[in-house]
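Have a look at the picture first, and then I'll talk you through it.

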Amino acid sequence: VIRASLPSAYLAGGAIRDFDNHRHVKDLDVFFTDTPKDFGALEDTLAKLGYFYKAHCPGQYLDGTAREVNGSSVYQSTEDQPDLNLIQLDEGFNSASIIERVDFGLCQIGADCLGVEYTPAYEYDRTHEVLTLTRADSVEGVRRSLIRYDRLTQKYRGWPLNVPAEFEAIVAEARKPKQTWT
């Protein structure tokens, strides 16, 4: 349905991960790079499916973390279905490559009309029941990942954090309390 208006649509994030691991799906993250062919028709179709516009977030999710994100719109379901997040990426960005930029191996899975794809890091985490940190660009980014890890362990209880040796120093720095100046 969405691909009719957004041919580059790519489903990634927690929905595919949680479905594949027999967990409750909270929302659907659909990434796209093209301008909708007929946005009104897309919204009409979503409304027929029980989805209504809830909110828009312009630009990046968090400053400096996802430069390729131009904005997102949230559609809430009236039918007790997962919310729908339409996330626009920079034109020319390969939507499928978004899975390789995610901070934990278990989250590196996505799907389009051709099927499901995942990285070796996803398969490793799933097989070993661990959550491996796969991205550590900055201390602040790692802090956000550690908060995200805490949220993930609510669904994946008992899955320990796996920190590769090359990230140990930045993780130790991120775990230090933030200094505030008064």
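I'll start with the sheet, then go on to the cores and a pocket.

Quick housekeeping: this is a predicted model, where local features need pLDDT of at least 70, side-chain atom pairs count only at pLDDT 80 or more, and totals for chains, interfaces and linings use all residues. Residues are numbered from 1 along each chain as its sequence is written, and side-chain values use heavy atoms, with hydrogens and water left out.

Strands here are DSSP E runs of at least two residues, helices are H or I runs of at least four, and both are numbered from the N terminus. Two strands pair if DSSP finds at least two bridges between them.

Now find strand 2, residues 27-32. Which way does it run against strand 5, residues 83-89? The two are parallel, joined over six bridges. Val30 stands opposite Leu86, and Phe32 has Gln88 as its bridge partner. With strand 1, strand 2 runs antiparallel, over three bridges, and there Tyr10 faces Phe31. Is strand 2 mostly covered or uncovered? Covered: five of its six residues are buried, meaning under 20% relative accessible area with a 1.4 Å probe, protein chains only.

On to the cores. A nonpolar core is a set of buried Ala, Val, Leu, Ile, Met, Phe, Trp, Tyr and Cys residues joined through side-chain atoms within 4.5 Å. The largest one has 22 residues, and Phe104, Leu131, Val142, Phe167 and Val171 touch the most other members.

Last stop: the second largest pocket. Of its 15 lining residues, the closest to the centre are Val1, Ile2, Leu28, Val30 and Leu84. A pocket, on a 1 Å grid over the protein atoms alone, is an open set of points where a 1.4 Å probe fits, with protein on both sides within 12 Å along at least five of seven lines; lining residues have an atom within 4 Å of a point.

Note on methods. Buried means under 20% relative accessible area, exposed over 50%, partly exposed in between (1.4 Å probe, protein chains only).
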